[in-house]
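The following note sets out points on the strand pairing, the helix packing and the chain interface, for a colleague's review.

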Amino acid sequence: MEGLLFDIAEASIHDGPGLRITVFLKGCPLRCRWCHSPEGQSAEAETLVFPGGTRLAGEYWSPQKLAAYLMDKSELLDGVTFSGGEPLLQADFLLEVLDITKNTLHSIIDTSGHGDYQKLKALAERAESLHFGLKVLNEEKAKFWTGQSSSLILDNIRRLDKECATPYCFRLPLIPTVTDSEENLTAIALLAKELKNLTSVDFLPYNPMTGGKYAACGRTYEPPFNELASPLLDIKAFQAICPVKASILD
Amino acid sequence: MNQRIQKLREAVRNGFYHKFRRDISRDDLNADLESKAAGLSLNGRYRLIYEYILNKETPLVFPGEKIIFTRTIKGNPDFPMNGLDKEKPRRALENLTIEWPILLKEGLSGRKAACQKALEEKKDDPEAVDFLTNAIAAIDAVADFAKRYAAAAEEPNQRALLEKVPQYPAESFHEALQSVRFIMSVMRSAGGEHMGFGRFDQYMWPYLENDLKQKVLTHDEAFELLEEFFISLSRDADLYRGVQLGDNGQSMMLGGCDRNGNPAVNPLTYMCLEASDDIGLIDPKINLRVDSNTPHDLLLSAARLTRKGLGFPQYQNDEVIIPSLVNFGYDLEAARDYTVAACWEFVVEDGRDTPNLFAFNFPLCADEAIRSGLKAGDDFEGIMGRLKTAVDAQVKDFKEECGQEGYFLPEPIVSVFSKNPIKKGRDLNNGGGSHYHYGCQGCGSSSAADALAAVKYLIFETKQVTPERLLAALESDYENDEELRQIIKAVPHKVGSNDDYADDLLKRLFDLFADALAEIKNNGRGGRIRPGSGSAQHYVLMTQKREGQKLKATADGRKYGDFVSSSLAPSPGVRARGIISELETYGKLDYKRICNGGPITMELADSYFRNEEALLKVVKLIQAFVKLGCQQLQLNTLNPDKLRDAQIHPENYRDLIVRVWGWSGYFVELSKPYQDQIIGRQAFGA
């Protein structure tokens, strides 16, 4: 089966160690109000319209083609990160890719955790590590902010932690007043205490350029939170209760 | 930067030194020189320039300064042609570097003695007598000028320094720096253009090493001297403009190997990268030679300088360049000692190559082949056959130009500080060197390959477009068929994304180009022609709408007047797959043959450098560049939004630096076409 990609970033910065390629898979079950890749949400190809021209976001690749593209560069690269959108939505495609690349490339799966558990586990078993893009842990609040309850995500993480040895980290965007609330951070720290394969909690500062691509998708960016609220800079309180290393990535 | 250095930096950026200039126009200087030049030999004329212009200069020594020289007249003279045939082409010495170690080891006095000895030996050779007597007179003019400078110095240290160099061999790092600054400045005052500093860290390090050993200098004092030297290069740089302000050729080469092939990186290599990063000015332009064994921490220092956004260092891959120079015919030891001229053109010792003499127009050849082939009903290989004819025809024009009689203008000081002119009794430009090759830039290559790929794909493979439709669109500059232009833009095969379909066409273009140039066995001066991949200012000159512009709309969807690709980069508006894929594309070229230089040019979004880890990624990119067998790389930073704002509010962006082609300049000092081309580049990693 073919995979639908909306972008590829060569030498990407924030998606893992060393020189990496990040493959962005199109389609996502979540609708985070702060999503900075709105073109990654729909599972259909779409044309982005910029002031200076257009660009098609959404290209079908066969597993063989993507594997060949990556393996061709394996001597130059430290690894590949599969991100999205939500890579779990295209798990079968990804599994095929990973079956071909096997041990040639260090692989990271960057997922929200929302999806079929067996597929998540199969991917986790083939990858070197995972990035869980956690957001809001409270189930009801998660529905409002991300379009989905958090229960499936939390179940998946807890179960995977028991059944699969692959290490993973949490990556949490610091959305002012939403994800950086004391309630949310405490919940994350408590969750972290239950888990044995969690390696770190990485916070990603809110990016004021987040809304940049909405116009190109024919949409308007209207975040129902105060973008200008002072961002969380001090995570000492969190570090004090979190059992693993926690830091804000710059 | 300590406080004193900071003040010196502010002074050059504020144009503090300009107020000491007398306003003598170029026209007045030239009129004077013309009247005095009647009846003189070419050598005599250049000697006259030195005497005349240095005599007009007023020595200026500021309290406390350690690197001394400031221009005091505004104009730069032209070579006086009185009594000569003004119709014949003139070829001045430019785009090369003198052999700085000779200056440092022998000084003016040593070279004068060598001239006198040679004169004794060659007194029956009138040409040698003419060259050597004029060279001695030029040396005297420079030495007298240096004496006047020494007399003007009030501080004893300054006076002692100026009495010593450039007249005598340098014995310390400080003296070596002053000697280089002084000689470079007098060459420029006399009208010399695009002279580089060569392998600066190699010839300077012995002096610094000795000073450090003898404890004459501490590391910090040496670093301060180096920074002062670097800053001094911006004092008068506005007087030496090439195509645009900033195109002044003050470049230097760092790193690489020695003449035996052993690694030659030394502590000064690092210091130069750090000093450049610290002062953040466009001069000197830094070049770095790298290979598989370049130390990681040196690459990290280089990456830090890349992050600074000055548009350099430019990276050179020794593993590709040295074999290609040997393959072309240079000696191995000399090839290992290569440097670059002003931008990227390789310079090998003991010669006078003219690396930028010709500019080859790839898009024009492709366009002629496509239009005539489609009209004649050719298949694609038929068009490629026509391409060969078009390439050969353009090269034939160069061949004819090679045969033209012209004046090869001498330069006595450059000749004196070159290996063999004194021994041979001939100016470097007139037989004093051992090689006289020309270079030909290969411009717009990616645009040409994209046009061919579009034709192959749309007309012959998918048959989506008829030849008639494309021809009509080209004739009307796509006015009546914007739809076709969009179809062409969507063709999946473009140069720069490691796509074999397009990249093979790029390779074939360069092969045809190199084949045609290889047919010229003698360029009229006993040399051949080196094919290159750079394009300098030609992405503008070859495309601007003007009378006689041959390049109209092209089959890559480019409209008349739009830019073509610059050096090795994807065509304007093409979104390449990514940085690594682009390196893979250009790693496919046969640099054994394409040996004149011309960098891959790519831009990283300045936001790429948000964190320190980005530096490690840039190091890996440089290593990938080496591993993939690419030749030269300019890795720049870019923020198009900032540049657009700078066009509207130039007053807020006085210090904003951009890489233009082989040089960096202040964005607000460029004319608009050059600004627009930079804004249109693709920024990776945004």
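1. In chain B, B:Asn361 stands opposite B:Cys443, a residue of strand S11. Strand S11 of chain B (residues 438–443) runs parallel to S9(B), and 5 bridges join the two. Strands here are DSSP runs of E with at least two residues, helices are runs of H or I with at least four, and both are numbered from the N terminus; two strands pair if DSSP finds at least two bridges between them.

2. The model is predicted: local features need pLDDT of at least 70, side-chain atom pairs count only at pLDDT 80 or more, and totals for chains, interfaces and linings use all residues. Residues are numbered from 1 along each chain as its sequence is written, chains are lettered from A and ligands numbered from 1 in the order in which they are written, and side-chain values use heavy atoms, with hydrogens and water left out.

3. The pairing of S9(B) with S11(B) belongs to an open, parallel sheet of 3 strands in the order S9-S11-S12 (chain B). Its edge strands, each pairing on one side only, are S9 (354–361) and S12 (529–531) of chain B.

4. A second open sheet in chain B has 6 strands in the order S4-S5-S6-S14-S13-S17, with mixed pairing. The edges are S4 (251–255) and S17 (683–684) of chain B. S4(B) pairs with S5 of chain B (residues 285–290) in the parallel sense over 5 bridges, and B:Met252 stands opposite B:Ile286 in S5(B).

5. How do H19(B) and H20(B) lie relative to each other? The axes of helix H19 (residues 467–475) and helix H20 (residues 482–489) of chain B come within 10 Å and cross at roughly 110°; axes are lines fitted to C-alpha atoms over the stretch in contact, and angles run from 0 to 180 degrees between N-to-C directions. H19(B) and H20(B) are therefore roughly perpendicular, a term for angles of 65 to 115 degrees. The contact (heavy atoms within 4.5 Å) involves B:Arg469, B:Leu470 and B:Ala473 of H19(B) with B:Glu483, B:Leu484, B:Ile487 and B:Ile488 of H20(B).

6. Between the chains, the contact takes 23 residues from chain A and 19 residues from chain B. Chains A and B bury about 1900 Å², 51% of it on carbon and sulfur atoms; buried area is the accessible area (1.4 Å probe) lost on being put together, summed over both parts.

7. There are 3 salt bridges between chain A and chain B, each a side-chain nitrogen of Lys or Arg within 4 Å of a carboxyl oxygen of Asp or Glu. One of them joins A:Asp7 to B:Arg575, with the closest N and O atoms 3.6 Å apart.

Note on methods. Parallel < 35°, antiparallel > 145°, perpendicular 65-115°, else oblique. Buried area = accessible area lost by both parts, 1.4 Å probe.
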